[in-house]
Amino acid sequence: MNLAPDSGEAQIAEAAADFLLGSLGRARLHRVGTADLSAEQRGEVGGLGWFGLALPEQSGGSGLSAVEHALFFREAGRQCAPVDLLAQSLAANMPVGAALRESVLGGAVGVGLAVEDAGTLRVYGNPLAEFAIAVRPQGAALYRMAGVKAETRPSLVPSSTLRVIAGMPPVEAEAELPDLWVLGELATAAMLVGIAEAALELIAEYAKVRETFGRKIGAYQAVRHPCADMLVRIEAARAQLYFAATAIKEAHPSAQAHLDAAKHLANQAALANSDANIQLHGGIGVTEEHDAHLLHKQALLLSRLFGARRAVLANLLHQELAA
Amino acid sequence: MDLRYSDADIAFRASARNWLSSNVPSHRRPAHGPEAARFDRDWQRKLFEHGWAGVAWPKEYGGLGLSGLQQVIWYEELARARAPHHINTTYVALMHAGPTLIARGTDAQKAFHLPRILSGESLWCQGFSEPGAGSDLAALTTRGVIEGDEIVVNGAKMWTTDARYADYQELLIRTEPGSERHKGLTWVICDMSLPGIEVKPVRTMMMDAHVNMVFYENVRIPLANVVGEVGKGWSTALATLSFERGLGFIGDQLELAERVERAIELAGKVRTETGKYAIEDESIAQRLAALKADTMAIRAMTLAEIAESDRTGVPGPNGSVMKLMVTATHKALSELAGDLLGWEFLEFDGDRGAHPWTYDYLWSWVFSIAGGTNEIQREIIADRLLNLPKAR
């Protein structure tokens, strides 16, 4: 029993943090035209093998596990990484031919993230991507997007372009497996934990330098105590995330329940912490130049993906827990 | 990371479950008074005699010398078997006096007290807070004057749980005249039968008098009873508090999961004002599920913390994070139980066994105030974990 990343896991997390900060750091979102994952960025991510962390080696992946997958996406969350990253990683797990899988893993072709919404598909990600993946709790479909008519809609979330498609595009591959949903739910929970952590880091740093009434704001209990509460949400969500990731890796009988709990806690931690971060910054917190709104908007999207509050709680209520 | 239990852990769980299945007292603990203390001592003696006392205490001090993880397993099995609640009159002895003596006591103190604590022969109470020193513990003024090989104590302590039944007290006093704040304090073992000690019960909103004021008038305590060094009592007190804030509530935190399951069962049996079963009400179902997620996280946090303290030996400031999480969950569960029970929730005579949900609702304030208020825990987090500029 060990619920802290071991040295190998910690190394992966550190490498992911360095790479994502350098290549997809949050600062990019303050420049125009930086939504989504460009073909060039996709090739860079794919070239380093980040799309296939949990995929077996014989399928071209790294042969690691849900744990490394979660650790990578936690770092992606801190940078408000585009959801293309997740779509691409999930598509690599679809039952497609070896050539297509290789193109997905290496980033030669792109995959957007599709969400079914009342007979339409909402697709987040690079509009030029060749494919889009839609994942349901019991299965997934990979759609061919070439030539499909899509209407661009304004996206609240700076990291992702949004398009809406009426009707269903042609299907490239389908899978009747819960595994993809599990990887998607885990990755979104992990990204939300990363957001909750980044929000606390921002306000804790600001509280050490910003002065009001002649004192650093971090010396006021009106600031200190909400910051402490932010840490409590993080510790709870992160401990449960690690538990869930490890339960999935070990095929624990209660893995899905642990994952639902992790997603719920991560939804809550990211939304509440990114909210508190804006408020405690004061006026600067509502400006576009600041990162505070990026974290909150990203949390609004991720908390709706792979299990929003009502759905995860309804799933969780009656699941029995094995020791 | 790894969730698997070793063969030894699995065997330990099975043997604990088996023993508890036929040894948990069948009669309810008396609500108050010396008969409650007797019940607690009897249960502790039974655990001791059957080799279940001090699961994670070192073997050389009479414990089982097992890992922190096995201690977690033990508490999980206690909760599952609905064994007597671990916060009772033996709590201070087992959860802070014992660990403090193991960490800082002399050989003679350990040899005398530890076996008595484990067997339930000695009950302890805590003498830290005072009428003028609660959250600001370092403002304490109860003084001890060293005369020969004795310390003569005068002053008053406040909020001393179970002082009327305790044999000994962990007493924190000011022994250097004119010293201020954290300096000049001494942590001493006080025999509660000494002349000059007067205990006055304080009735609480829970319709009991588990807390007391303790007055000291020229109480003469042997210098040999000092734990740690004279004048360095703050350091010993911090060790005591770290046990309380770290794993001292481990039984409660693990029991919460069991209580949420009981609330889910209850919601399937009671009806709301609309006539529907409570569990069919979406807002209630969501609150129950959210509480279940919270208790799962508390367990994951506990297991992570246990791994940490198995490595370092002493719990760190993460205990403050845990206490905020646990007290908030406890309160939310108690409020929900109140909604489920409707009018029945308002029947109460102070008996925890007869009215557990109402008792726990009232207890939620004790929980978030005792052992350092939640506000003090947030200050500790801001200072020690977030390194924010000092407020004080």
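Analyst: The largest nonpolar core of this predicted model has 215 residues. Those with the most contacts inside this core are A:Ala132, A:Ile133, A:Leu186, A:Leu192, A:Cys227 and A:Leu241. Among the elements, H6(A) gives the most to the core, with 21 residues.

When its neighbours within four places in sequence are left aside, A:Ala132 is in contact with A:Val111, A:Gly112, A:Leu113, A:Ala114, A:Val123, A:Tyr143 and A:Met145.

We may turn next to the contact between the two chains. Chain A contributes 40 residues to this contact, and chain B contributes 33 residues. On the side of chain A that touches chain B, the elements giving two or more residues are helix H6 (179-209), helix H7 (221-249), helix H8 (255-281) and helix H10 (309-317) of chain A. Of these, H7(A) gives the most, with 15 residues.

The partner, chain B, deserves a description of its own. Chain B has eleven helices and eight strands. Its C-alpha trace spans about 70 × 50 × 45 Å along the principal axes. For 392 residues, a compact globule would have a radius of gyration near 21 Å, and chain B agrees with this, because its own value is 21 Å. Of the 392 residues of chain B, 47% count as buried. Among the contacts in chain B with a separation of 6 or more, 71% are accounted for by residues 24 or more positions apart.

Finally, there is the division of chain B into domains. The domain assignment gives domain 1 (7-88), domain 2 (124-233) and domain 3 (249-385) of chain B. The C-alpha centres of domain 2 and domain 3 of chain B lie 31 Å apart. The contact between these two domains takes five residues from domain 2 of chain B and eight residues from domain 3 of chain B. The side of domain 2 of chain B that touches domain 3 of chain B has three nonpolar, one polar and one charged residues.

How values were computed. Residues are numbered from 1 along each chain as its sequence is written. Chains are lettered from A and ligands numbered from 1 in the order in which they are written. This is a predicted model: local features need pLDDT of at least 70, side-chain atom pairs count only at pLDDT 80 or more; totals for chains, interfaces and linings use all residues. Helices (H or I, at least four residues) and strands (E, at least two) are DSSP runs, numbered from the N terminus. The radius of gyration is taken over C-alpha atoms; the globule rule is 2.2 Å times the number of residues to the power 0.38. A residue is buried if 20 or more other C-beta atoms lie within 10 Å of its own, exposed if 12 or fewer, and partly exposed in between; C-beta atoms are placed from the backbone. Two residues are in contact if their C-beta atoms, placed from the backbone, lie within 7 Å. A nonpolar core is a set of buried Ala, Val, Leu, Ile, Met, Phe, Trp, Tyr and Cys residues joined through C-beta atoms within 7 Å. Domain bounds come from an automatic or database domain assignment. Ala, Val, Leu, Ile, Met, Phe, Trp, Tyr, Cys and Pro count as nonpolar, Asp, Glu, Lys and Arg as charged, and the others, Gly among them, as polar.
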